[in-house]
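Try each task before reading its solution.

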Amino acid sequence: MAQAIRRDSSISLFATDGKSHPLQDTLMAVTVVLGVLALVTAMFHHLHLLSSWAGLVGILVGGYGMFVSATTRERFVTILGLGASAIGFFLGMAHGGLFGGLLG
């Protein structure tokens, strides 16, 4: 029963189909970095500009990353980055918004 035992030849952190996905991996990494940046800076009221803009860009990059993602691992990590970006964006908006006193 040699056919009953299959070896998983794709032991990769990012691609589960054995192929490389440089665009998707880059979008995933950018989304996570922007999400962490937005989430960390959202804890400080005076950094609301950085938090809201990083969160907004993270949401947009993560949305496109979800659109072109090829594997479940890419989608999972991108969703984590999207969640962090969204929380950072919303807290940044609550603390002063995208322009927060710079306009008007």
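Predicted model: local features only at pLDDT ≥ 70, side-chain atom pairs only at ≥ 80, totals over all residues.

**Exercise 1.** Work out which elements the chain has and how they run from the N terminus on.

*Solution.* Start by counting: there are three helices and zero strands. Read from the N terminus, the order is therefore α-α-α, going by the DSSP runs.

**Exercise 2.** Compare the reach of α1 with its expected span.

*Solution.* Helix α1 has 20 residues. From first C-alpha to last it reaches 28 Å, close to the 28 Å expected at 1.5 Å a residue.

**Exercise 3.** Describe how α1 and α2 pack.

*Solution.* Two packed helices are described by the angle and the distance between their axes. First, take α1 (residues 22–41) and α2 (residues 48–68): their axes come within 8 Å and cross at roughly 155°. Angles over 145 degrees count as roughly antiparallel, so α1 is roughly antiparallel to α2. Next, the handedness: α1 passes α2 in a left-handed crossing. The contact residues include L27, L34 and A38 of α1 and A54, G58 and V61 of α2. Finally, sort that contact by class: 11 nonpolar, eight polar and no charged residues.

**Exercise 4.** Find which residues of α1 are buried, and what covers them.

*Solution.* Buried means under 20% relative accessible area. In α1, Q24, D25, L27, M28, T31, L34, G35, A38 and T41 are buried. Their cover includes α2 and α3 (72–95). Across the chain, 36% of the 104 residues count as buried.

Definitions and conventions. Residues numbered from 1 in each chain as written. Heavy atoms only, no water. Axes fitted to C-alpha atoms, helices over the stretch in contact; angles between N-to-C directions. Helix = DSSP H or I, 4+ residues; strand = E, 2+ residues; numbered from the N terminus. Parallel < 35°, antiparallel > 145°, perpendicular 65-115°, else oblique. Left-handed = near helix turned anticlockwise from the far one by under 90°. Contact = heavy atoms within 4.5 Å. Nonpolar A, V, L, I, M, F, W, Y, C, P; charged D, E, K, R; others polar. Expected span 1.5 Å × (residues − 1). Buried < 20%, exposed > 50% of the residue type's maximum accessible area, 1.4 Å probe, protein only.
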